[in-house]
Amino acid sequence: MKLSPTGARFALAAIAAPLAVWGWAEATATIKFTEMAAKAGIQTNHHTRVFPGKAADVLRMFTSGGSSGAAGDYDGDGLDDLFVTDSDNGKPNHLFHNNGDMTFTEVTDKAGVAKGNDPKSIVADALWFDYDNDGKEDLLVARFGTPILYHNEGGGKFKDVSAGSGFTRFGNTIAAVSFDYDNDGLTDVMFGNYFKPLNLIELPDPHVLPNDLDNAINGGGVTLWHNDGKGKFTDVTDKAGFGKLTGWTLDLGHGDFDNDGDQDIYIACDYGTDRIFFNNGNGTFTDTTEKSIGFDTRKGMNAEVTDYDNDGYLDIYVTNITDEYMKECNMLWHNNHDGTFTDISKETNTCATLWGWAAKFGDFDNDGWPDLYVVNGLRSAGKENYIPVLLNNLLLKPGMDFTDVRNWPDIGGMTWSGYQKKKMFHNLAGQTFKEISGEAGTDNEMDGRGLSVADFNHDGKLDIFQVNADQKAIFYKGVTEGGGNWAQFKLTGTKSNRDAIGARITVKAAGLTQMREVDGGNGYAGQSSKTVHIGIGKATKFDSVEIRWPSGLVEKINGAAIGKINKITEGKGLQTK
């Protein structure tokens, strides 16, 4: 894709700009984590669905992505709890209550949220969102099948309200995000669907795999659901402009990419080109893919959104596959401020993360610049490599119908792009990133899938919960010493949706301006905290804090404090009690 003038200038700047910029020049801390999943009581073990019949082996591989975790405060005590999925038939999901001291207590049975993996359905993702604006976080469980919607009844208990929710359309859903696409004060839902809408367990038609490894058009696309605020969701996919999509969606990322006050959407597709849609502000979206990013043949796995270089515009990070199997390179889409994006992953050293899955931004040393953690690895098993076996079949059987799952060679005990070290990137003042996973203590070799980032114990250091396919979860406590100062912001909407999803916080401190948005589940198979964490380096006060709410209200906040959670209610400013 030809660089726009803005993009070309940025690409040059990314290489040549001096690194002695506010924040990076002052940062002396080394980002560090310590693993403590077992000690914390959240070392769950994920189980991929086991299928019957001859196609079982290959189907199990293609559905091994359903290991996810979602951070959310379900009981309103101010601490982020964790919901963790499983995927095999009869295996329960898990809800963990945060005790505030980096330990958790499982409360799944009391809450009533264990189910989902029945003989005809496979749990793949989960999402916390307050769909009825009653102040209690409800829970959505996305499945290969139909979703489950749990209403938060209070007192730590949930009620299954799926039957009356309107979510009756079957889909092989792998990703879900919640955002208020029409700014009516209610959070809507978008599902990303991987396979076409056919039950993989019953398998009435074996032709379910991609019809083209680069440009497949037989995937599940997306569906968009409008929230009426009374517990009912209506399918508005066609009306909104998404009805013709047939890519193999793996992830969804939303944000206000053009700074016009409404939420746009990025769709990462494993097979078939990624897509970007801009919100028209009238309940419809326009596909600007060709102009904005161009068409690609890569294997989009993750859509994470933040303003990584603090220029006031949201950027997008997409993982792809770069290992012995494919040499694709990730995409760090720098926002050019004109509706176009430039991929600068090579210039910023964020290109190669092997078989990428989830990626999350977070300021892990509080220097004012969002760092990046990426998990990878498809299947770690025996010594024999599945890739040569697969390639031999492709070469020796030209013209074979590879949509037919029965034609793929058995995987058995072979490894496929496994035993890969995770990647932690330190943001060097928005100009480039340095890979530091070894010194940070995060270079595990698990088959990573989803990530949830939150400050689980309110010590001002972000923690990371990592889920893995067919393996135990990992929980990294942030233990960086000597990092910068920080503040957190917990927003509550009134005219806007109560979760404040889509609200934008802009802070100025010591000459640096930072902008962050509250998101509703960006990033593959993992939801992070809705409490916005901002590092401010050596600054000891804010020069200004401004909130732009989804309703359009812009508030200047006086008295925001360093080193604490600032609670702000729309129209009422900073809450002091």
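The report below takes cavities and pockets, then aromatic pairs, then salt bridges.

## Basis of the model

This is a predicted model, in which local features need pLDDT of at least 70, side-chain atom pairs count only at pLDDT 80 or more, and totals for chains, interfaces and linings use all residues. Residues are numbered from 1 along each chain as its sequence is written, and side-chain values use heavy atoms, with hydrogens and water left out.

## The largest cavity

Rolling a probe the size of a water molecule over the atoms shows where empty space is left. The search runs on a 1 Å grid over the protein atoms alone. A cavity is a set of points where a 1.4 Å probe fits but cannot get out. A pocket is an open set with protein on both sides within 12 Å along at least five of seven lines. Lining residues have an atom within 4 Å of a point. Points are joined across faces, edges and corners, and a volume is the space filled by probe spheres set on them.

The structure holds five cavities of 30 Å³ or more. The largest cavity has a volume of about 540 Å³. Its lining counts 34 residues, and Phe 361, Glu 517, Asp 519, Ser 529 and His 533 are the closest to its centre. Strands 14 (249-255), 18 (304-306), 23 (354-362), 27 (448-454), 32 (512-517) and 34 (532-537) each give two or more residues to this lining. Helices (H or I, at least four residues) and strands (E, at least two) are DSSP runs, numbered from the N terminus. By class, the lining has eleven nonpolar, 13 polar and ten charged residues. Here Ala, Val, Leu, Ile, Met, Phe, Trp, Tyr, Cys and Pro count as nonpolar, Asp, Glu, Lys and Arg as charged, and the others, Gly among them, as polar.

The largest pocket has a volume of about 660 Å³. Of its 32 lining residues, Asp 73, Gly 76, Gly 135, Lys 490 and Thr 492 are the closest to the centre. Strand 2 (69-72), strand 8 (148-154), strand 30 (485-492) and strand 37 (565-569) each supply at least two lining residues. Strand 37 has the largest share, with four. The lining divides into six nonpolar, 13 polar and 13 charged residues.

The second largest pocket has a volume of about 330 Å³. It is lined by 23 residues, and Phe 62, Tyr 194, Asp 270, Tyr 271 and Trp 355 lie nearest its centre. Helix 3 (56-62), strand 23 and helix 7 (386-396) each supply at least two of the lining residues. This lining has 19 nonpolar, two polar and two charged residues.

## Aromatic pairs

Rings of Phe, Tyr and Trp (its six-membered ring) pair if their centres lie within 6.5 Å; planes under 30 degrees apart count as stacked, over 60 as edge-to-face and the rest as tilted. The count comes to 38 aromatic pairs. Phe 104 and Phe 456 are edge-to-face, because their ring centres are 5.8 Å apart and their planes stand at 75°. The pair links distant parts of the chain: Phe 104 is in strand 5 (residues 104-106), Phe 456 in the loop between strand 27 and strand 28 (463-468), 352 residues apart. Both Phe 104 and Phe 456 are buried (under 20% relative accessible area; exposed is over 50%, partly exposed in between; 1.4 Å probe, protein chains only).

Phe 257 and Phe 278 also pair edge-to-face, 6.3 Å centre to centre with 75° between the planes. Phe 257 is buried at 2% relative accessible area, and Phe 278 is buried at 9%. Ring pairs also link Phe 129, Tyr 131, Phe 167, Phe 191, Trp 225 and Phe 233 into a cluster.

## Salt bridges

Side chains of opposite charge can pair when their charged atoms come close. A salt bridge is a side-chain nitrogen of Lys or Arg within 4 Å of a carboxyl oxygen of Asp or Glu. The count comes to 20 salt bridges. Lys 115 and Asp 160 meet in one of them (2.6 Å, N to O). Lys 115 is partly exposed, at 44% relative accessible area, and Asp 160 is partly exposed, at 33%.

Asp 343 and Arg 298 form another salt bridge (3.7 Å, N to O). Asp 256, Arg 504, Glu 517 and Arg 548 are linked in a network of salt bridges.
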